[in-house]
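Work through the exercises below with the sequence and the model open beside you. Try each task before you read its solution.

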Amino acid sequence: MKFKNFTIRLLQPNEGKAFFNLIENNRSRLEDFFAGTVSKTKTLEDTLLYCKEIQKKIKDFSYLPYMITDINTGEFIGLVDVKNINKDLPKAELGSFIDHRYEGKGIVTEATELVVDHIVKEYRFIKLLCRANARNKGSIAVILKNGFELEGTIRRDYKTTKGEVVDLNYYGRVFN
């Protein structure tokens with residue numbers, strides 16, 4: 001998928017170093033709400049092993065990491081991931097982040113829209129879910145701009161890397 005000066009596609013087996021660089025450049029911003037990814041990518045070696053795990057999950061259709069790439073530089077600048085896939089219903093959860101240098105430009109909003117359109121058509125999801133900390137105004141803006149509606153707030157639902165227990169807003173979008 002392509003838009004403006006960016007492409008979006010699934011993480012490929014040979015892209016561990018680029019994935020590591022994206023996480024490393026944004027580690028402090030990601031550690032609370034992408035805790036699993038951050039903990040599995042502390043070193044390049046760890047990241048390469050994690051990317052092997054990811055490739056298995058892609059094949060098993062249990063995790064789909066769509067990387068946003070800047071066409072001009074060739075570097076990863078963000079991620080829209082599809083996780084917690086329930087094949088029986090079918091439904092899934094979306095997560096996303098953008099490199100700090102590209103924040104506030106609408107890139108992750110547009111990338112999310114393209115990924116949503118793609119996975120609904122390709123995999124026939126009938127429901128997608130997003131979770132966000134009520135303080136994360138940027139993520140909430142992306143979620144709302146993509147047609148998701150607040151379904152509720154689950155109190156004391158997530159423990160951050162720093163040990164803080166926080167409430168999460170749950171947003172859903174239903175498809176025919």
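Rings of Phe, Tyr and Trp (its six-membered ring) form a pair if their centres lie within 6.5 Å, and planes under 30 degrees apart count as stacked, over 60 as edge-to-face and the rest as tilted. The model is a predicted one, in which local features need pLDDT of at least 70 and side-chain atom pairs count only at pLDDT 80 or more, while totals for chains, interfaces and linings use all residues. Residues are numbered from 1 along each chain as its sequence is written, and side-chain values use heavy atoms, with hydrogens and water left out.

**Exercise 1. Find the residues that form one aromatic cluster, and count the aromatic pairs.**

Solution. Begin with the cluster, which consists of Phe3, Phe6 and Tyr102. Then count by the ring rule, which gives eight aromatic pairs.

**Exercise 2. Classify the pair formed by Phe33 and Tyr158, and locate both residues.**

Solution. The ring centres of Phe33 and Tyr158 are 5.2 Å apart, with 20 degrees between the planes, and the pair is stacked. Next, locate the partners in helices (H or I, at least four residues) and strands (E, at least two), which are DSSP runs numbered from the N terminus. Phe33 is in the loop between helix 1 (16-30) and helix 2 (35-39), whereas Tyr158 is in strand 7 (residues 149-159), so that the pair links distant parts of the chain, 125 residues apart. Finally, consider accessibility, where buried means under 20% relative accessible area, exposed over 50% and partly exposed in between (1.4 Å probe, protein chains only). Phe33 is partly exposed at 32%, while Tyr158 is buried at 19%.

**Exercise 3. Explain why the pair of Phe61 and Tyr123 is tilted.**

Solution. The pair is tilted because its planes stand at 45 degrees, with the ring centres 4.7 Å apart. Phe61 lies in the loop between helix 3 (44-59) and strand 3 (64-70) and Tyr123 in helix 4 (residues 107-123), so the pair ties together parts that are 62 residues apart in sequence. As for accessibility, Phe61 is buried at 19%, and Tyr123 is partly exposed at 28%.

**Exercise 4. How many disulfides does the whole structure hold?**

Solution. Recall that a disulfide is a covalent bond between the sulfur atoms of two cysteines. The search looks for a pair of cysteine sulfur atoms within 2.5 Å, and over the whole structure it finds zero disulfides. To finish, check two cysteines: Cys51 is buried, with a relative accessible area of 4%, and Cys130 is buried as well, at 6%.
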